[in-house]
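User: I am new to this structure. Please walk me through it in short questions and answers.

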Amino acid sequence: MEGAVLHGIRPILYTDRLEESIQFYRDVLGFELNEYNADWGWASLGCGMVEIMLSRPVGNKPFDGSKFTGSLYITCEAVEVIWMELKDQLEVVYALEEFPWGMREFAVYDLNGYVLQFGEMVN
């Protein structure tokens with residue numbers, strides 16, 4: 001990849017509940033809907049410097065839920081404020097905690113079962 005320049009990453013999360021997922025990211029997490037194409041079964045949302053895309057599953061394979069084995073790690077400010085807003089609304093993976101690597105973070109599931117981690121650097 002010598003000479004190549006990477007500019008960012010915009011994950012595409014598959015869902016068979018596209019409209020509900022758009023509403024979740026917009027109403028619960030405060031994202032704005034940037035683009036939506038019902039014919040394609042696709043949407044793009046953003047909040048600050050974070051962008052994600054949502055898509056109905058593509059291809060011939062049956063879709064039986066999310067298979068993503070990682071998580072989406074969202075760096076932020078005021079992680080405690082976000083924690084207080086989300087902890088009683090969503091299923092918690094782990095509660096707000098300060099870790100030895102200098103991050104204060106927590107993780108929750110979105111409505112499709114994807115893990116969202118929110119982390120703030122500790123001074």
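Analyst: Accessible areas here come from the Shrake-Rupley method with a 1.4 Å probe. On that basis the protein exposes about 8200 Å². Keep in mind that this is a predicted model.

User: Which pattern of helices and strands does the protein follow along the sequence?

Analyst: The protein has two helices and eight strands. Along its principal axes, the C-alpha trace spans about 45 × 45 × 25 Å. Read along the sequence, the pattern is β-α-β-β-β-β-α-β-β-β.

User: What percentage of the residues count as buried?

Analyst: Buried means under 20% relative accessible area. The protein has 123 residues. Of these, the buried share is 33%.

User: How far apart are the mean positions of the positive and negative charges?

Analyst: The protein has 8 positive and 20 negative charges. Their mean positions are separated by 7 Å.

User: How many disulfides does the structure hold, and why?

Analyst: A disulfide needs two cysteine sulfur atoms within 2.5 Å. The sulfur of cysteine 47 has its closest cysteine sulfur in cysteine 76, 10 Å away, so the two are too far apart for a bond. Cysteine 76 is likewise in no disulfide. The number of disulfides is zero.

User: Is cysteine 76 buried or exposed?

Analyst: The cut-off for buried is under 20% relative accessible area. Cysteine 76 has 18%. Cysteine 47, at 31%, is partly exposed. Cysteine 76 counts as buried.

User: How many bridges join β2 to β3?

Analyst: β2 and β3 run antiparallel. Across the pair, asparagine 37 stands opposite tryptophan 42 in β3. The hairpin has four residues between the strands, and its glycine 41 takes a positive phi near 70°. The number of bridges joining β2 to β3 is five.

User: Where is aspartate 39, and is it buried or exposed?

Analyst: Aspartate 39 is found in the loop between β2 (32–37) and β3 (42–47). Its C-alpha atom is 13 Å from that of valine 58, 19 residues apart along the chain. The relative accessible area of aspartate 39 is 77%. Over 50% counts as exposed, so aspartate 39 is exposed.

User: Which residue in β4 is the bridge partner of leucine 45?

Analyst: β3 is mostly covered, with five of its six residues buried. Six bridges join β3 to β4, and the two run antiparallel. They form a hairpin with two residues between them, where glycine 48 in the turn has a positive phi of about 65°. The β4 partner of leucine 45 is isoleucine 52.

User: How far is threonine 69 from tryptophan 42 in space, C-alpha to C-alpha?

Analyst: Threonine 69 lies in the loop between β4 (50–55) and β5 (72–75). At 81% relative accessibility, threonine 69 counts as exposed. Threonine 69 and tryptophan 42 are 27 residues apart in sequence. In space, C-alpha to C-alpha, they are apart by 22 Å.

User: What is the phi of alanine 78?

Analyst: Alanine 78 sits in the loop between β5 and α2 (79–86). Alanine 78 is partly exposed, at 37% relative accessibility. Its phi is positive, in a residue other than glycine. The value is near 60°.

User: How many bridges join β6 to β7?

Analyst: β6 (residues 92–98) and β7 run antiparallel. Valine 92 stands opposite valine 108 in β7. The hairpin has four residues between the strands, and glycine 102 in the turn has a positive phi of about 90°. The number of bridges is four.

User: Which residue in β8 stands opposite arginine 104?

Analyst: β7 (residues 103–109) is mostly covered, with five of its seven residues buried. In β7, arginine 104 is the bridge partner of glutamate 98. β7 also pairs with β8 (residues 115–121), in the antiparallel sense over seven bridges. In β8, the residue opposite arginine 104 is glutamate 120.

User: Which glycine takes a positive phi in the hairpin of β7 and β8?

Analyst: This hairpin has five residues between the strands. The phi in question is near 95°. The residue is glycine 113.

Conventions:
Residues are numbered from 1 along each chain as its sequence is written. This is a predicted model: local features need pLDDT of at least 70, side-chain atom pairs count only at pLDDT 80 or more; totals for chains, interfaces and linings use all residues. Side-chain values use heavy atoms; hydrogens and water are left out. Buried means under 20% relative accessible area, exposed over 50%, partly exposed in between (1.4 Å probe, protein chains only). Lys and Arg count as positive and Asp and Glu as negative; His and the chain ends are not counted. The place of a charge is taken as NZ of Lys, CZ of Arg, CG of Asp or CD of Glu. Two strands pair if DSSP finds at least two bridges between them.
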